[in-house]
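Please read the points beside the sequence and the model shown here.

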Amino acid sequence: MSTSPTSPTARKTIQATELMGRIMREYFYDLNDAAVTGRRKVAWCTSVGPAELLRALGFAVYFPENHGAMLGSTRQSTELIPEANAAGYSPDICSYLTADIGAWLKQRTPLSKAYPGIERVPRPDVLVYNTNQCRDVQDWFGWYARELGVPALGISSPKNVNDVTEGLVEDVARQIEALVAPLEAIVGARLDIDRLRETVALSRRCSEIWRDVLETAMHSPAPLTFFDGTIHMGPAVCLRGTQQALDYYAVLLAELRQRGTDGVGAVQGERLRLYWEGMPVWGRLRQHSEMFAALRTAVVASTYCSSWIFPAFDGADPFRSMARAYLELFIVRAEPYKERYLADMQQRFKVDGIIFHDAKTCPYNSNNRYGLPQRLQASTGVPSLVLSGDLNDLRCVSDEQTKINAEAFVEQLLECA
């Protein structure tokens with residue numbers, strides 16, 4: 001059966017995107033104002049780090065991983081990575097790290113073009129990390145600590161966790177609590193525990209509505225795709241713990257639910273549904289979106305976008321619930337848990353196949369390397385495809401091979417349907 005589209009590619013535009021653009025613009029200008037005027041202290045934070053604590057203390061919170069994704073999506077990373085390589089960082093490590101450090105060394109940022117008047121990323125007063133994602137974030141923030149002469153504080157999280165035990169939660173909760181005193185000294189204010197409780201509660205609500213947004217793709221045809229999710233996750237990452245994020249997702253959710261009611265799919269003529277496991281290829285988001293749309297194939301769900309769903313947050317118990325939420329992250333978990341999780345997601349979203357992205361510089365988010373695709377297919381019967389690439393370094397990406405493999409996979413699925 002031919003995989004060629006019967007009509008020109010059509011991808012449905014999400015109207016709420018304009019509102020999200022305004023919200024993110026306000027966020028970045030607020031960060032810039034804090035850094036330039038000094039009216040608020042700036043904290044850099046890893047994307048699944050203790051942002052709730054930092055916000056409750058009054059810091060303006062900036063996420064270098066978000067900047068790394070922007071460098072990738074604007075296709076600047078490949079020329080910046082060699083700058084970090086020359087400074088001693090291997091081309092095999094996280095290309096968020098190498099692209100971001102390269103951008104700092106070259107004094108470049110996509111923020112300048114997107115937001116006139118912003119000349120550079122906000123200079124930090126403190127760097128706060130959580131190694132739940134990988135050790136690279138500690139080295140990344142350590143470089144800036146040495147370069148800028150600012151303190152780096154962090155949480156060391158366990159890896160390969162199958163069951164999140166009370167002992168693990170207690171360990172991480174104590175580490176978060178230990179951050180309070182040094183952060184209070186930097187910001188010059190005491191932690192208001194009621195404000196922390198409120199911030200954690202807001203993060204929980206943001207998590208719930210973001211989950212509702214993603215789960216609209218359970219509908220057939222799916223009203224949004226993985227590629228849409230990577231764009232609209234911006235507030236869930238950068239504004240978690242704020243009312244702005246909640247207000248935005250209420251608008252987005254209403255639009256997507258209306259699409260579901262009206263039978264409007266993100267991909268015209270949807271005939272196949274896929275799951276994406278791993279990081280996106282930031283510099284190829286549009287290209288990959290159009291490629292699958294042309295094949296009338298909707299990539300309906302992903303582990304990546306779901307990484308900002310934190311059901312464990314509880315404003316009544318902020319420190320322990322933050323610890324549990326950060327420990328329940330998919331990337332922290334052991335292979336048996338991951339296999340169960342993916343099998344459940346395949347069933348819930350009714351997917352015909354799963355794509356594993358083997359990202360060259362991101363081993364922690366490449367889950368195809370230890371036999372998981374084969375075990376999963378044996379237990380569920382759902383076929384899988386491994387695409388080789390990278391999150392930011394486009395030298396690791398073969399567009400032609402990706403297209404050939406994707407088309408062959410879709411044809412295989414259609415023949416088996």
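1. A residue is called buried under 20% relative accessible area, exposed over 50%, and partly exposed in between, with a 1.4 Å probe and protein chains only. On this scale Cys362 is buried, because its relative accessibility is 12%. The model is predicted: local features need pLDDT of at least 70 and side-chain atom pairs count only at pLDDT 80 or more, while totals for chains, interfaces and linings use all residues. Residues are numbered from 1 along each chain as its sequence is written, and side-chain values use heavy atoms, with hydrogens and water left out.

2. How many disulfides does the structure hold? There are 0 disulfides, the term being used for a pair of cysteine sulfur atoms within 2.5 Å. Cys362 is in no disulfide, and the nearest cysteine sulfur, in Cys94, is 6.1 Å away. For Cys305, the closest cysteine sulfur is that of Cys206, at 13 Å, which is too far for a bond. Cys305 counts as buried, because its relative accessibility is 2%.

3. Helices (H or I, at least four residues) and strands (E, at least two) are DSSP runs, numbered from the N terminus. Helix α15 (residues 335-348) packs with helix α16 (residues 372-380) at an angle of about 50°, and their axes are 10 Å apart. Helix α15 is therefore oblique to α16; angles under 35 degrees count as roughly parallel, over 145 as roughly antiparallel, 65 to 115 as roughly perpendicular and the rest as oblique. The axes are lines fitted to C-alpha atoms, for helices over the stretch in contact, and angles run from 0 to 180 degrees between N-to-C directions.

4. Which residues make the contact between these helices? From α15 they are Glu335, Lys338, Glu339, Leu342, Ala343 and Gln346, and from α16 they are Leu372, Arg375, Leu376, Ser379 and Thr380, where contact means heavy atoms within 4.5 Å.

5. Arg75 is in the loop between α3 (64-73) and α4 (77-86). Asn160 is in the loop between β4 (152-155) and α8 (166-187), and counts as exposed because its relative accessibility is 62%.

6. The peptide bond from Ser220 to Pro221 also deserves attention: the bond is cis, with omega near 5°. Pro221 belongs to the loop between α9 (193-215) and α10 (226-232).
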